There are 2 protein chains.
Amino acid sequence: MSGNTQVLLTERPSGKLETSNFTIRDGDMPTVGDGEVLVRSVLLSIDAANRAWMQGATYKSAVEEGDVMHGGAIAEVLESRSDRFAEGDLVWGEVGWQEYAALDARHLAPVGDHRPLTHHLSVLGVAGLTAYHGLLDVVGIEAGETLLVSAAAGSVGSLVGQIGKIAGARVVGIAGGPEKCQWVVDELGFDACIDYRGEKLSRALREHCPDGVDVYFDNVGGPILEAALFAMNLHGRISCCGAVSQYDSDAPTGPRGVPGLIVTKRLTMKGFIVMDYADQQERAIADLSAWAADGRLTVVEDVIDGLEAAPDALVGLLAGQNRGKRMVRVSPDPVG
Amino acid sequence: MSGNTQVLLTERPSGKLETSNFTIRDGDMPTVGDGEVLVRSVLLSIDAANRAWMQGATYKSAVEEGDVMHGGAIAEVLESRSDRFAEGDLVWGEVGWQEYAALDARHLAPVGDHRPLTHHLSVLGVAGLTAYHGLLDVVGIEAGETLLVSAAAGSVGSLVGQIGKIAGARVVGIAGGPEKCQWVVDELGFDACIDYRGEKLSRALREHCPDGVDVYFDNVGGPILEAALFAMNLHGRISCCGAVSQYDSDAPTGPRGVPGLIVTKRLTMKGFIVMDYADQQERAIADLSAWAADGRLTVVEDVIDGLEAAPDALVGLLAGQNRGKRMVRVSPDPVG
């Protein structure tokens, strides 16, 4: 067995993240302590949140310079010194950007039987659960309401809009570039999709949301959140899922209209993270599996090969290059 | 009978509001149409919202140049051409900054028997109802929680903090100037009050809210809202009542931390205006009257004499000169 390929964050980005902020090295194989398991990474999740972790502590601790880059992955147990898992089990956990890791078994979750494995990172993983709970439980959506979704071609947004359609809403997306917008309408079934790079947002919102916006699912923050605030209906609800426009920067700005428009329009803005809904996961997984199986939910995955490609994959994701859930294949699926 | 003294907004402020933006004139006595009543203004309410109405449409239409300045007042009915009110009745409505007005009787509310009349503008008026519903119904407060209140010496804030104490919360105010802060603690019974002009907010918040902030009642927006966002506990609630820091300006800014901190701390921000709770007014009035009567609520009023003083009264309020509910006495209380 060779060494352990690792990707380190060697320089905290001072502006936009670049691949030169990372260093790839051939690290040591980890030693396995009591209560730990040795895992081999199979599929590494690539998310905008990876970038947010470099800005400082969020719901988890910050990534420091010299750290193996943080990231969740599906991995196979190669050796176990815990009675929680046995060799050959598949787990989900904070493996980091490396081939092998020795991890505390208490911090790992078992991965279910469902195949393909990629679904555990997309529709049945954090992306799917975030879309499901963030729309249906955090703010709710009623048939006939207008739902606006930013980052509509992304891992979460692509699912939010489709779940909104299943609920009977009029669904309008926001994405970057005409091709992507066309794809959101044609392949994902949104009623319309606004190209925030090519169109004047305020005018496009008036055109495509003639009855105003009842629910805005915010993945991006910044100027798009600001425009959405102006388009909201009285008593509108905003599900705050992320702020990708603010992550790749040192100087986040706040949206004008907070709190002025929140008061005058009596809006509710609610933040959440998916862990808050852990006790309701079973219902979510059942619904998402059923919708994916009967074709009402188109699951879009964007799988990139090789751990060495992870820095590129994240930089590209922050530039909006992905369609659906981006992940890096670190090693082949174990034979089931 | 002489003419009708009126205060007009003759120039929309381009930066801070100044008294020179207003013109006082001796206008015509109004004529009374069918369904209307002629009223004489008694007590004019002076509120930060007066300034917001100059920025454009809010929950009501904007004040335009040349308009009699908008404002609610308690007034006496002098003549009625409606079966809703009779001569001698007291009403609350959009009288504007003038002595006499002919108003559609359907837009007026009767004023109850309670004396002094000033209470109908303070504890039993919009200020009291805003404090009551904005705290107890919009976000709720539990015994032992930490409640932070900005504009703590103002009409709404002074009541919010006291209602928080009645509910058993630890209450920390924010106000401008050491004397005002001392007064908030000594006279209103807050546990502490931070001078945002003299203290570093982030440090003072750590000192006075050692367990973090569970509920923030926001009257001001801007940098104080931003500092509060950083001090909030996980799952904290923010009641968005106003944005007085943003009204006296042409260029409102947004708080950094929106939506980033809303997501990571899973905060809820909710805007409201008091009309949303019209159907629950009876309970609110009963509680507020009882608390004022038994001395648990100190009602602070700041009454300025003469309609001509209204521009000064508003400019001073925006500079934070008032303590408690500011109003202008336009004419003596009618003999009851």
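How are α2(B) and α3(B) oriented to each other, roughly parallel or oblique? I opened the notebook with this and record the answer under the second entry.

**Entry 1. Conventions.** I noted that this is a predicted model, in which local features need pLDDT of at least 70 and side-chain atom pairs count only at pLDDT 80 or more, while totals for chains, interfaces and linings use all residues. Residues are numbered from 1 along each chain as its sequence is written, chains are lettered from A and ligands numbered from 1 in the order in which they are written, and side-chain values use heavy atoms, with hydrogens and water left out. Helices (H or I, at least four residues) and strands (E, at least two) are DSSP runs, numbered from the N terminus.

**Entry 2. Two helices of chain B.** I looked up the axes of α2(B) and helix α3 (residues 157–166) of chain B, which come within 9 Å and cross at roughly 45°. Axes are lines fitted to C-alpha atoms, for helices over the stretch in contact, and angles run from 0 to 180 degrees between N-to-C directions. Angles under 35 degrees count as roughly parallel, over 145 as roughly antiparallel, 65 to 115 as roughly perpendicular and the rest as oblique. α2(B) and α3(B) are therefore oblique to each other. I recorded their crossing as right-handed; the term applies if the near helix is turned clockwise from the far one by less than a right angle, and left-handed if anticlockwise. The contact (heavy atoms within 4.5 Å) involves B:Ala127, B:Gly128, B:Ala131, B:Tyr132, B:Leu135 and B:Leu136 from α2(B), and B:Leu159, B:Val160, B:Ile163 and B:Gly164 from α3(B).

**Entry 3. The sheet.** I traced an open sheet of 12 strands with mixed pairing, in the order β10(A)-β9(A)-β8(A)-β11(A)-β12(A)-β13(A)-β13(B)-β12(B)-β11(B)-β8(B)-β9(B)-β10(B). Two strands pair if DSSP finds at least two bridges between them. Its edge strands are β10 (192–195) of chain A and β10 (192–195) of chain B, each pairing on one side only. On average, neighbouring strands are turned by 15° against each other, direction ignored.

Where the chains meet in this order, I found β13 (residues 268–271) of chain A and β13 (residues 268–271) of chain B paired in the antiparallel sense over three bridges. There, A:Lys270 has B:Thr268 as its bridge partner. Within chain B, strand β12 (residues 232–240) runs parallel to β13(B), joined by four bridges, and B:Ile238 stands opposite B:Met269. Within chain A, β8 (residues 146–150) and β11 (residues 213–218) run parallel and are joined by three bridges; A:Val149 is partnered by A:Phe217.

I then looked for helices on the sheet. Helix α4 (residues 178–188) of chain A packs on it, touching β9 (170–175) and β10 of chain A, and its direction makes about 165° with that of β10(A). α3(B) also packs on the sheet, touching β8 (146–149), β9 (170–175) and β11 (213–218) of chain B, at about 170° to the direction of β8(B).

**Entry 4. Burial.** I took buried as under 20% relative accessible area, exposed as over 50% and partly exposed as in between (1.4 Å probe, protein chains only). Helix α3 (residues 157–166) of chain A is mostly covered, with eight of its 10 residues buried. The cover includes α2 (126–139), β8, β9, α4, β11 and α9 (281–293) of chain A. Just after α3(A), A:Gly168 takes a positive phi of about 90°.

A:Leu267 counts as buried because its relative accessibility is 0%. Leaving aside neighbours within four places in sequence, the contacts of A:Leu267 include A:His235 and A:Ile238, as well as B:Met269, B:Lys270 and B:Gly271. A:Leu267 and A:His235 are 32 residues apart in sequence, yet 4.9 Å apart C-alpha to C-alpha.
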